[in-house]
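Subject: Structure for your review

Dear colleague,

Please find the structure below. My notes on what was found in it follow.

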Amino acid sequence: MAEFDIAQLRQKVRRIEIVSNRLVSERVAGEYHSVFKGQGIEFEEVRPYIYGDDIRSIDWNVTARAGHPHIKRYREEREMTVFFVIDLSGSCRFGTSGDFKSDRMAEVCAVLALAAIANNDRVGMLLVTDRLEKVVPPRKGRLHVLRLVREVLAHQPVGHGTNLTLALDHLRHVLHRRAVLFVISDFLTEGHERALSIVSRRHDVIAISVEDPMEQQLPPAGLIEMMDGETGRPLVLDTRDAALRAQFEAHALRRRQERLAIFRRYEIDTIELRTDRPYQTELVQFFHRRERRLAR
């Protein structure tokens, strides 16, 4: 990578770090803790009953021996493993609103990873195209999170296509305890439904889709030469054709509805992001939706 590119990368990572730190400290850390529970609870101590304690916690054996009420106290086994599966296929190196989809993926990854380490969780990452590009084992610490961000922004993929099944199958075999999996992709691919269904039975899977507005609606800009980022195939569209634009929008809508139907079928939480809109509100709304569901 050229010196200018390295300087640009450092600047971008620093900007993401500043924005992410602020968002985590102000809004996300507490929300994250309330909706992502640890592996369970473990016994901590027995102590005398204090007015206001839950009477269901009374240890009747100790109470009988001591002659006055005692309760059992437990603490949450907080530490979890959080893994990010990030799609770096050719279609994710695309953007018409200032940021590539991969830039937005890196920023969202930073926010969620910083929230995770603030809660003493370990964070790992898998970069995928049509092959497994890179696996970063789970660790703790702010510097580790910044490394993940740099990898997303700077990694030069060998592959161009998308095979999410490879990533999901790999994690299914290496993650032996329940983990939280954030799958971040534009989901412009098919064939990963079975892998999703299998991995979601054991792990807490959250799908984060990142799209560009140009993928949902074409502007009436005349002749546009486009290239498929994964196949390299060129395509020329006459966007003055209203019927063509309507067909394009209908296809995009159908693709989204099919994607959401798959996630609902396997009870996978979803966050939908776009490169032309702030992602902060969508993240917070996701936490609120999940908290309401868990409270039922």
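Helices (H or I, at least four residues) and strands (E, at least two) are DSSP runs, numbered from the N terminus. This is a predicted model, in which local features need pLDDT of at least 70 and side-chain atom pairs count only at pLDDT 80 or more, while totals for chains, interfaces and linings use all residues. Residues are numbered from 1 along each chain as its sequence is written, and side-chain values use heavy atoms, with hydrogens and water left out.

I begin with Asp-59, which is located in the loop between β1 (40-48) and α2 (60-66). Asp-59 has a relative accessibility of 8% and therefore counts as buried (buried means under 20% relative accessible area, exposed over 50%, and partly exposed in between, with a 1.4 Å probe and protein chains only). A polar atom of the Asp-59 side chain lies 3.1 Å from the backbone nitrogen of Val-62. Leaving aside residues up to four places away in sequence, Asp-59 touches Val-46, His-70, Ile-71 and Lys-72, where contact means heavy atoms within 4.5 Å.

The next region is helix α3 (101-118). Helix α3 has 18 residues and spans 26 Å from its first C-alpha to its last, close to the 26 Å expected at 1.5 Å a residue (the expected span is 1.5 Å times one less than the number of residues). Of the 18 residues of α3, 17 are buried, so the helix is largely enclosed by the rest of the structure. After α3 comes Asn-120, with a positive phi near 70°. Asn-120 lies in the loop that leads from α3 to β4 (122-128) and is partly exposed at 40% relative accessibility.

Strand β4 runs antiparallel to β5 (residues 132-139), and 5 bridges join them; two strands pair if DSSP finds at least two bridges between them. The two strands form a hairpin with 3 residues between them, and Val-123 stands opposite Arg-139 in β5.

A second residue other than glycine with a positive phi is Glu-267, at near 55°. Glu-267 sits in the loop between α7 (242-265) and β10 (269-274), and its relative accessible area of 74% makes it exposed.

Turning to charged pairs, the whole structure contains 19 salt bridges, a salt bridge being a side-chain nitrogen of Lys or Arg within 4 Å of a carboxyl oxygen of Asp or Glu. One of them joins Asp-186 to Lys-101, with the closest N and O atoms 2.8 Å apart. This pair links distant parts of the chain, 85 residues apart: Asp-186 is in the loop between β6 (180-185) and α6 (193-202), and Lys-101 is in helix α3. Asp-186 is buried at 0% relative accessible area, and Lys-101 is likewise buried at 0%.

Two further salt bridges lie within helices. Glu-151 and Arg-147 meet at 3.7 Å, N to O; they are 4 residues apart in helix α4 (residues 142-154), and therefore separated by about one helical turn. Glu-151 is buried at 17%, whereas Arg-147 is partly exposed at 28%. In helix α5 (residues 164-174), Arg-172 and Asp-169 are 3 residues apart, again about one helical turn, and the closest N and O atoms of their salt bridge are 3.4 Å apart. Arg-172 is partly exposed at 32%, and Asp-169 is partly exposed at 25%.

Finally, Glu-211, Arg-256, Arg-259 and Glu-272 are linked in a network of salt bridges.

With kind regards

Notes
A polar contact is a pair of N or O atoms within 3.5 Å; within protein, one must be able to donate a hydrogen and the other to accept it, and residues adjacent in sequence count only if both atoms are side-chain atoms.
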